[in-house]
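Hi,

Here is the structure I promised to pass on to you. Have a look at it first, and then read my notes below.

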Amino acid sequence: MTSIQIPELSFSLIAPELILCTAAIVILLVDLYVKNVERINITLLALIGIVLAFFSAGTLYGASELAFSWLIIRDDMSVVIDQIFLIGAALIVLMSHHYSERYHFPYGEYIVLLLFSTLGMLIISASADLITLFLGVELVSITLFVLTGFEKKSLLSGEASLKYLLLGAFSSAFMVYGIAFIFGMCRTTNLISIGSLLSEDFIGSPLLILGFALLLVGLGFKIALAPFHMWAPDVYQGAPTPITAWIAAGSKLAGFIALVRVFSLPDISFHPLARTWVEGIWWLSLLTMIIGNAGALVQKDIKRMLAYSSIAHGGYLSMAFVSHNDVGLQALLFYLAAYLFMTIGAFAVVIAAGRHGEERRRISDFAGLAKRRPFLAAMMSLFLLSLAGMPPTAGFIGKVWLFGSAIQAQYYGLAIVGILTTLFSFYYYLRVIVYMYMRDEEKEFEAEPLSVSLTLALSLSALGVLILGVFPNTLMKVITNSVIVL
Amino acid sequence: MDALLHSLVFYILAFIVLGSAAYTAFSANLVRAAFSLLFTFFGLAGLYIYLGADFVGISQVIIYVGGILVLLLFGVMFTTNVSGQGTEKQTLQMKWGILFLVVLFLLLIPIAFITPWSVMPDAGSKALESSVSPIGVGLLTKYLLPFEIASLLLLIALIGAVVIARGEPKVRAEAAKEDTSAL
């Protein structure tokens, strides 16, 4: 019997993950053993966990290490992304606090699942190995399948959950299949080892290309790149609105980070594989921008419209992989942060504008909102203008940076399509604003007073959009540094 | 002789897997389809053991044959008429499905032949050792973290299943409260 060597366990490097996990389990136990626990206490516990994780992530800046036998990489990029995820999670918890009161969810389980999905995202951002990456993706997906179906009285929610589950399982199968091929060729799942193997041989091995292509398809489903976007509008429409926001912002971000890890950690830029890969993404990006924006033009339901808008944003964001340079990666990270704030903000307004049993779902329902709820209308306009890419919002800076990276890499065609589709997108974003400010309401909606939690979520998102738009330098500096370290 | 025996074992196992899988896919009778899946799973377990992955083979038998298949049969028996009637089924998008399959087939077969497979130097001649203990040691040393993450995954799957399956006691309680307050 050989003695077992326990490898070094550097727990301090995964402190944010550990804190978040502990918070989730504490809430689970509190919800189980304490009778009639107030919802506000659960919210506070969750927020405390998230804030602690946020600050413990902050202490990890400057660490550039591989931990847990090379399964985890802790670099500045992962820290920035962790913090972005945690801010997003806090906003979603605030929104959920309001929303769950309206629909009486089993709140404890809801928050626990939400925290675990955030944990999955943190794991993805710190993955240096396909195994941890896959487990992170599954953690995010499985929690979101359940959360999507939380509105049990709504048929749409159940339908959305089932569709999401079936297509999600399908896409996971693609991912595992791809990972199996890559492992079969390289005999390792570690992304850094794969990188060093690729620099030596296996040039253009077809099985390896197939493996990476399948991985791309699997992740493409998760981030709803066309032509793998079909599930998105139905799921976005049916899911409880805070979860829709989390799927649109958090899960999409996580998918992109997974792509970054898979395709930039092994540093295959010099490899012939990179060519095939860039060409593949080029087509996906083009298709996604066109289909997303064209789909959004004809939508009548606000959540479906935002779903197509989020698909279109997936197209803009994947441009960064085509340009395949440092600027692209920096722009991607910046735009992901900006996108998180504006998307979550827009969905927060959708929640705030409705009340129990009377959601403003159709775009025409937003008519006259400016007269009745001027604050909400102003907020909605801000988020929509940012999504469209108007200065001085974060969306403008992000788009300029992204398109700039494509131009720098001499993909002029793609940049032009990006700019043209952005112009088209103004039509459907401005249409909502026109409805809010220039039309009289067709049907009276009884107002529900804004709760503290929702006001907080709204103003924080608005602050995020404006700060990143007016003073982008703060985040830019951090991102630029983190990408250099990478 | 040895090589012939090896290929013979492989082809028999492969035939069992493919044949029973095809029966599962094309059979109109759900119970028969589910039972036929039994042979697919057993055949796969055989293939794993044939390739020297004894632990995976045994897990296959325990989890798929012992767990999932039994669950599946329960599901089938609860939901359909067991007296042997075929369930109604329909094949949608036949044309596209066939096209997709042909393209996939034409893609995978050449790749299988072109790929320079990395072969272990003395595979076959070496007596195969049990893979159970290296896997166990690996899970508690190198792959400790994924092992723990997988346990979290099972935990959330459990919570999720409970949330989906149970009724809504809290809602009823709160609705009752609302009713009394309305009075």
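This is a predicted model, and the mean pLDDT of chain A is 89. In that chain, 97% of the residues score at least 70.

Helix 10 (residues 241-264) and helix 12 (residues 302-323) of chain A pack with their axes 11 Å apart, at an angle of about 15 degrees. Angles under 35 degrees count as roughly parallel, so helix 10 and helix 12 of chain A fall into that group. The crossing of these two helices is right-handed. On the helix 10 side, the contact is made by A:Thr244, A:Ala248, A:Lys252, A:Phe256, A:Leu259 and A:Phe263. Helix 12 of chain A brings A:Lys303, A:Leu306, A:Ser310, A:Gly314, A:Leu317 and A:Phe321 to it. Sorted by class, this contact has seven nonpolar, three polar and two charged residues.

Now for the two chains together. Chain B has 25 residues in contact with 31 residues of chain A. On the chain B side, helix 4 (94-114), helix 5 (132-140), helix 6 (144-165) and helix 7 (169-182) each supply at least two residues. Which of the chain B helices gives the largest share? That is helix 6 of chain B, with twelve residues. The side of chain B that touches chain A is made up of 17 nonpolar, four polar and four charged residues.

Best wishes

How values were computed
Residues are numbered from 1 along each chain as its sequence is written. Chains are lettered from A and ligands numbered from 1 in the order in which they are written. This is a predicted model: local features need pLDDT of at least 70, side-chain atom pairs count only at pLDDT 80 or more; totals for chains, interfaces and linings use all residues. Axes are lines fitted to C-alpha atoms, for helices over the stretch in contact, and angles run from 0 to 180 degrees between N-to-C directions. Helices (H or I, at least four residues) and strands (E, at least two) are DSSP runs, numbered from the N terminus. Angles under 35 degrees count as roughly parallel, over 145 as roughly antiparallel, 65 to 115 as roughly perpendicular and the rest as oblique. A crossing is left-handed if the near helix is turned anticlockwise from the far one by less than a right angle, and right-handed if clockwise. Two residues are in contact if their C-beta atoms, placed from the backbone, lie within 7 Å. Ala, Val, Leu, Ile, Met, Phe, Trp, Tyr, Cys and Pro count as nonpolar, Asp, Glu, Lys and Arg as charged, and the others, Gly among them, as polar. pLDDT is the predictor's confidence in each residue, from 0 to 100.
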